[in-house]
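Here is a short note for a colleague opening this entry for the first time. Please read it with the structure on screen.

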Amino acid sequence: MGAWDHRENYVREGKPSYLDERRFTQVGRSVPRVDGPAKAKGEAVYTADMVLPGMVYGKIKRCTEYAHANIKKIDCSKALALPGVLAVLTGDEAPNKWGIVPASANETALAVGKVRFYGEGVAAVAAIDEETAEAACDLIEVEYEPLPVLLDPFESMARAGEVNIHENAPDNILHKGDQIYGDVDKAFAKCEYILEKEFKTGRPQHGYIEPMSAVASYDTQSGQLHLWASSQVPHYLHRQMSVVLEMPMSKIRVTLPAVGGGFGGKGEAAASEFVACLLSRKIGRPVKVTFERADVFYTSKGRHPCHMKWKIGLDKDGYIQAVDFDNTLDKGAYAGWGVVVMFYTASMVHLPYKVPNARTHVRSVYTNKPTTGAMRGLGGVQPRFAMECMLDELAEMMGISPYELKMKNAIESGYTAINNMYVPHTEYKKCLQTAVEKSGYLEKHGKLPFGKGIGLAGGYYISGTAYTLYQSYKPHTSVTLKVDTEGGVTLLCAAAEIGQGCNTVMAQMAAEALGVHYEDVHVQTGDTEIGSFDLGSFASRLTYASGYAINEAAKEINFKLKAMAGGLLGCRADQLIIKDRMIYSMYEPKFKIEWATVVQKYVNSVGALSAVGHFSPPRRKGIDIITGNRIQGANIGHSPTFGFSCQIHEVEVDVETGRVYVKKVTEAGDCGTAVNPMSVDGQVEGSIMFNMGAALYEDMKFDANGKHLNPNFHDYKCPTFMEMPDMDTNIVESYDPTAPFGVKETGEGAVQPTFPAIANAIYDAIGVRFYQVPITPEMILKALKEKKEKEAGCGCGCSCGA
Amino acid sequence: MKQLICLEINGREYDVPVSPRDVLSDVLRKKVGLTGTKKGCGMGDCGACTVLVEGKPVLSCITLAIACNGKKVTTVEGLTLPDGQLNPLQAAFVNHGAIQCGFCTPGMLMSASGLLNRTPKPTLYDIKHEMSGNICRCTGFKRIIEAIEAASETMTEGVK
């Protein structure tokens, strides 16, 4: 076990341990994942590995002729006649609309009436094996009436009168909104430095290695449906299933086997899940639907391409006075997370710098492309790219270091943004300082030879949201702790372990709260029937939310055990401490008794112990804090606390080939208390590579008819081992006193600075700024050529550009 | 037309009826029941399906099962020691945080096993180069490299 690192826990001198809430024994340790050994042995069961007695296979027939067409007729007779086919399904049989945001729900299990993107499902088959199901799909005949295809959001808005993607959106706009805080025009009038730029981002997708899979088993006698699915939102999936199947939630159980990554892509229900359930109900046998990689590309809800116009103004001393931000998002075919993502992009203006006046105009526009949705760092990555690049450029205009400009404007703990977002705690400045010192940024920036460059960028992200996606006042997470003489400690919560490590972190926090060891805690997640309620794995919410609920539940159990132990030891219960599987007096440690003994006495005399803890986030309102007026969409963006980070990338640009090589990344992050530092580093390293891909290579390509050109890992290029830079990730010392165990997020904040850090480094290397990602070799070569021509221009060697 | 082939999988012989178009990954997963081998792309791009055939890493999702008739196949299940303990490579993956979602892990372990069989003390470049056919979206690769380096050290201890 020699790989555990030796980072110290937060031990503060001069504080007796019983008064020091930060002296942890289980939290802060780099213990190996609880699910590691099973995964290393190949014994972890993923959905696609499951086989149930009598199980058959489902396949979806996709429209691969058109990206926009009316469905005139579907003829399934030949498919039904094929031996081995048990049932076919068309969209008309399940027309109820689903969507994670109920107000804009407009997706159906299979297309009804028309298809709106290339690869949309139009029918499905259940058959005795996959080969038969595939053959049957080929026999389904669909007659289409092609419609004009809209692929660009601006064209989509301009031609809305002529071509309509959704009946209830005559302007082809899902939603739009304006948020105005303070007096932006007046503030700009007083600015010394003003920069206006336009930015564009590409269309990456998640690339989780496990394609979606679903196994559904409907019991015709009891009317109970059991769904196993590779999802990161068992609760929202449960809700959507109830809507589409018109069955009460109490008749549906959702269970997650091991899940092979999500990154937001499994943060909505998927057609595989609906089709498996509908087919199983139809034939009364278990049905498995597993996506091929192409199915994933067609339907996975990647990141919204954004067309952004920015204007930022600084006063003569470099303090930000005003930000004007206009964003047009490419929504693709259906709403999904759309409204939420759109308003997140607007909220990102307000942190991690002090912005006293801000104006945002955002709109999310339908196009005939696959739906965009939640993807790691949802709504943050695009605006962060623009803002951090512009501050880099503004620093240059001022003749100061980008580091100095960012330090000057960085927020501090206790900051309330103009939209009422409250930041209880931040070590953002420490992140900037640490990364700058460790990378030697100040010594290198602007001083490296041509072709080599270094770039700095910062970022932040939420640690959970303030509101559910549907109107509800219930707690966002509930944790049940069960303590008995048989099972020891069991933690029950319907949270989703998708690889991020929540089961391990929850075991560590529960052990800390109960005074036992993390190995003593059995974590049971991912089951809506067994676990107590949880919203799901998104918005980097789970460590904070479950930590809070765990503390609440543990308090109740500890209270009961201390009362029992107090009686046994003959001392006051409120003077007892529980740590390291012992219960002892904080004043007289010789009064002690083993935790397990007390549990046994308690169970014998009273019965098994269990307690439920709940977490509800503070419900902050989105208002203009000067006028007090409510602002549309501004409830989005609030969080109990926020994580912060800084990345410094060092790149080499091959001026012959245009290739960009990221050589070294120095990162410093404020994730509050690192419950498991090894796991934090893993999240950060993964985040850097994840967005390095979207910064330099990854982009879904479509032809003029909307046909997806690269729906596979061969043509859609993800970074590999060969592209991996040297990574130095640093966890800055941080403890949020308002958070359970002092924790914050790290899973999505760490993707935020990657785009701008790379773009800023490329500028430092070759003197060309890019306002678009991915930054491809073609773009680099073209820019270098233009630069050369411009410099050669008048022949005098100056840069007059003549 | 099915044909009976014999595969020696993890030291045990299996007679399996296959059709000529059956790929090795499907045969392992569906006919033999060894689901540790994963299917991530079905086109040989992601590496999740990597197994060893005669000690050499192959992409089982684009390898015809029939072409492996009579050959030795090692899957992730075959790495585990007879007493159920993790082998040094598996243990290094667990202890170094080289596993997150775990879906690429079996393929990573098999590619790394193939590498260490051939090159017991690989350089950093050897590792990066040999492993570049395996994609991981969770870890950023760094900890996988550390795990392979650590396993190499453990496995070559005392070997000159």
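1. Helices are DSSP runs of H or I with at least four residues, strands runs of E with at least two, numbered from the N terminus.

2. This is a predicted model: local features need pLDDT of at least 70, side-chain atom pairs count only at pLDDT 80 or more, and totals for chains, interfaces and linings use all residues. Residues are numbered from 1 along each chain as its sequence is written, while chains are lettered from A and ligands numbered from 1 in the order written.

3. Back to the pair in chain B.

4. Which residues meet? From helix 3 of chain B come B:S111, B:A112 and B:L115; from helix 4 of chain B come B:D126, B:I127, B:E130 and B:M131. Contact means C-beta atoms, placed from the backbone, within 7 Å.

5. Chain A has 19 helices and 28 strands. Its C-alpha atoms fill a box of roughly 95 × 75 × 55 Å along the principal axes.

6. Of the contacts in chain A between residues at least 6 apart in sequence, 80% join residues at least 24 apart.

Technical notes:
Contact = placed C-beta atoms within 7 Å.
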